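Subject: Structure handover

Hello,

Please find the structure below, with the sequence.

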Amino acid sequence: MIVQDKAMYDILAQPMTRIAGVGAALEKRLLARGIGCMGDLLLHLPKDYVDDRHVSAIARLQDGVNARIVGRIISKQARGFGRNRQVSIRLADDSGQISLNFFHSGYMMSDARLSEGREIAVRGVAEHWKGYLQMSHPEWCVSESFNPGFQPVYASLAGLGGKRIGSMIRHILSLIPANSRSPLDILLQEQFHFPNLIEALKLIHHPDELGRDELARAVARLKSEEIIIYLHLMRQKKQAAVCSAVALSDEKQSSALHDSFPFPLTDAQRSAWADIAADLQSGSRMHRLLQGDVGAGKTWIAALAMARAAGSGAQAALLAPTEVLASQHAETLHALFAPLGIEVALLTGSTRAKARREMLARLQSGALQLIVGTHALLTDDVLFKHLALALVDEQHRFGVKQRWALAEKQNEDRGAVHLLGMTATPIPRSLALALYGDMDLSIMRGMPPGRKPVETRVIAAEKMKPMADGMQRILNAQGRIYWIVPRIDEDEDGLSVDQRVELLKGYFPDANVIGLHGRMKAKDKNGALNAFSTGACKILVSTTVVEVGVNVPEARLIVIEQAEAYGLAQLHQLRGRVGRSSEQGYCMLVAGSEASEGSMARLKTMVNTHDGLELAEADLAIRGGGDAVGTRQHGEAGFRLLDMSEDAALIRQWHENLPDFTPTDAMQRFWRPFAESTD
């Protein structure tokens with residue numbers, strides 16, 4: 001058994017206000033971006049590295065080339081007034097001179113570090129203008145602070161530039177004692193020759209040499225800590241799941257519901273229902289995952305299971321990750337169950353207090369049999385008389401603890417609750433067995449009759465402008481458009497939600513372009529989605545928050561920028577937002593300017609392949625190890641760093657060789673924060 005050491009995680013859990021310059025206002029902004037403690041910021045990995053080992057002579061600078069120079073300030077002057085004040089610094093070395101121009105930077109005139117005669121180190125892009133060399137807004141520091149080496153480049157965060165982020169990360173690393181250890185360090189060093197956790201963090205954020213193999217091992221070390229903790233939590237749940245449960249054997253209501261369906265079940269639906277029905281009447285607790293492609297008809301199977309529970313005199317509850325998805329499920333299920341005389345209630349964070357009290361009283365008395373809700377279902381005051389079936393939709397959006405929380409609700413000691421998880425995320429079977437080993441697996445392939453495959457094209461970023469005509473044609477035909485961008489925060493490449501909203505408003509002033517992202521309040525999210533659903537908004541600019549839970553039949557086009565940054569399975573889910581009617585749907589995958597040939601080949605797999613599971617298998621084969629670092633945000637199963645396809649080998653390795661180890665509460669809180677709340 002591994003000896004525990006709390007010190008490392010106690011340090012990582014300390015608040016951001018421990019860092020100089022972080023006050024209450026900045027702490028609040030960082031918290032809104034998921035940075036609640038010092039360790040969170042250490043997981044904001046560099047998106048690139050700059051080779052800063054060489055200093056160029058000013059006379060040898062080339063136009064358009066990013067370079068490092070060191071020189072002495074020979075003059076400093078300002079032009080203009082107020083916010084428009086421009087500062088120009090003349091810098092010289094033994095070979096020549098250059099002008100450094102800073103706009104809206106009047107404060108620099110009083111900066112003692114920029115006094116005449118001081119030596120500074122500067123990095124920027126040189127250009128010739130009217131016969132003289134100049135740099136605009138270069139990065140700078142006093143020469144004694146410049147350390148030649150490989151400098152990390154960070155994405156902006158909470159309004160902070162990459163340089164400030166790097167400075168904060170360096171400060172955090174300096175606060176962690178060199179002898180601090182993770183409980184997993186010894187095991188991973190001795191058996192797998194990984195660096196310890198603090199060494200891995202220092203190597204990623206401040207590499208002495210830019211060896212890709214060393215970087216990859218350091219990142220794998222971080223990801224190993226995350227997956228080992230996850231797999232232990234899952235193993236605990238699997239052990240707890242093996243128990244008896246009430247047998248739900250009355251078929252009258254489920255048969256009546258089946259007979260009322262407007263279409264016959266597909267072969268895949270019939271097979272999945274046979275698995276679930278057998279579980280429900282077995283007398284042993286069901287813990288099954290139903291994996292079905294986008295639009296494959298999982299809701300119909302969930303309805304049959306809920307009807308089986310209601311027909312057997314028990315209760316069933318369906319948990320969804322967002323209010324929009326919960327509302328859609330409630331609406332669909334109400335239409336299905338109303339002819340049978342069975343009520344379906346909806347409980348979310350927006351439910352009014354009086355209605356909520358009445359709903360909870362009816363649940364506890366057993367008068368209300370079927371309920372759909374968000375995380376509001378998980379609060380302690382939600383009690384059932386006889387909950388027999390818990391369903392968790394898009395269960396990859398919940399952590400291990402959360403997807404079991406509903407199934408562990410009190411039900412007057414009537415035995416264990418059956419659990420059915422559902423996901424449209426296509427995961428290769430071998431990987432699903434590792435990630436969801438606490439559950440049996442049923443797979444539904446294929447689409448319902450009448451759906452046309454979404455026409456998919458891959459285009460280069462510079463060819464986006466001609467797309468405007470096609471977008472206008474769709475808008476003229478009363479269609480709607482999703483526009484997906486990779487980030488929420490403003491960045492220098494203009495690919496944030498707000499930046500794209502402003503750009504598209506210029507092109508389509510009558511489309512009421514609206515932005516949507518996961519950090520918005522639930523009320524604002526629902527308002528944006530409702531505007532898009534009703535047609536008040538014709539173009540919705542969003543992050544991948546629309547990946548699930550949005551059903552707008554009028555949506556006919558989805559544009560996904562920097563598509564190479566996503567896995568094929570995620571692209572497939574995004575593509576599934578369109579083509580949800582008899583009209584032809586279109587998906588434009590816009591590759592970034594730096595997309596490699598391999599990335600372009602991977603995207604082209606999407607053009608002719610419309611089976612989600614097939615794409616997931618292809619992704620697993622194509623992507624391999626991927627890049628060592630990046631700007632990936634948390635996603636599947638609440639992971640902070642892990643990517644299901646990119647890290648498949650690592651996930652399987654630890655699934656097959658899980659060490660004898662019990663994570664501390666501090667480790668679980670650090671690595672599983674996203675499993676404690678929904679999007």
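A contact here means heavy atoms within 4.5 Å. On that basis, among contacts in the chain with a separation of 6 or more, 75% are between residues 24 or more positions apart. Please keep in mind that this is a predicted model.

The whole chain first. Its secondary structure consists of 22 helices and 21 strands. The radius of gyration is 28 Å, which agrees with the value near 26 Å that a compact globule of 679 residues would have. The C-alpha trace spans about 90 × 65 × 50 Å along its principal axes. Of the 679 residues, 55% are buried. The accessible surface is about 29600 Å², and carbon and sulfur atoms contribute 49% of that. As for charge, the chain has 77 positive and 78 negative charges, and their mean positions lie 4 Å apart.

Now the helix. α17 covers residues 522–534, 13 residues in total. From first C-alpha to last it reaches 18 Å, close to the 18 Å expected at 1.5 Å a residue. Its buried residues are K525, N526, A528, L529, A531 and F532. What do they pack against? One partner is a helix, α11 (323–337). The others are the strands β17 (480–484), β18 (514–516), β19 (539–542) and β20 (555–561). After α17 comes G535, which has a positive phi, near 95°.

Regards

Note on methods
Residues are numbered from 1 along each chain as its sequence is written. This is a predicted model: local features need pLDDT of at least 70, side-chain atom pairs count only at pLDDT 80 or more; totals for chains, interfaces and linings use all residues. Side-chain values use heavy atoms; hydrogens and water are left out. Helices (H or I, at least four residues) and strands (E, at least two) are DSSP runs, numbered from the N terminus. The expected span of a helix is 1.5 Å times one less than its number of residues. Buried means under 20% relative accessible area, exposed over 50%, partly exposed in between (1.4 Å probe, protein chains only). The radius of gyration is taken over C-alpha atoms; the globule rule is 2.2 Å times the number of residues to the power 0.38. Accessible areas come from the Shrake-Rupley method with a 1.4 Å probe; for residues, only the protein chains shown count as cover. Lys and Arg count as positive and Asp and Glu as negative; His and the chain ends are not counted. The place of a charge is taken as NZ of Lys, CZ of Arg, CG of Asp or CD of Glu.
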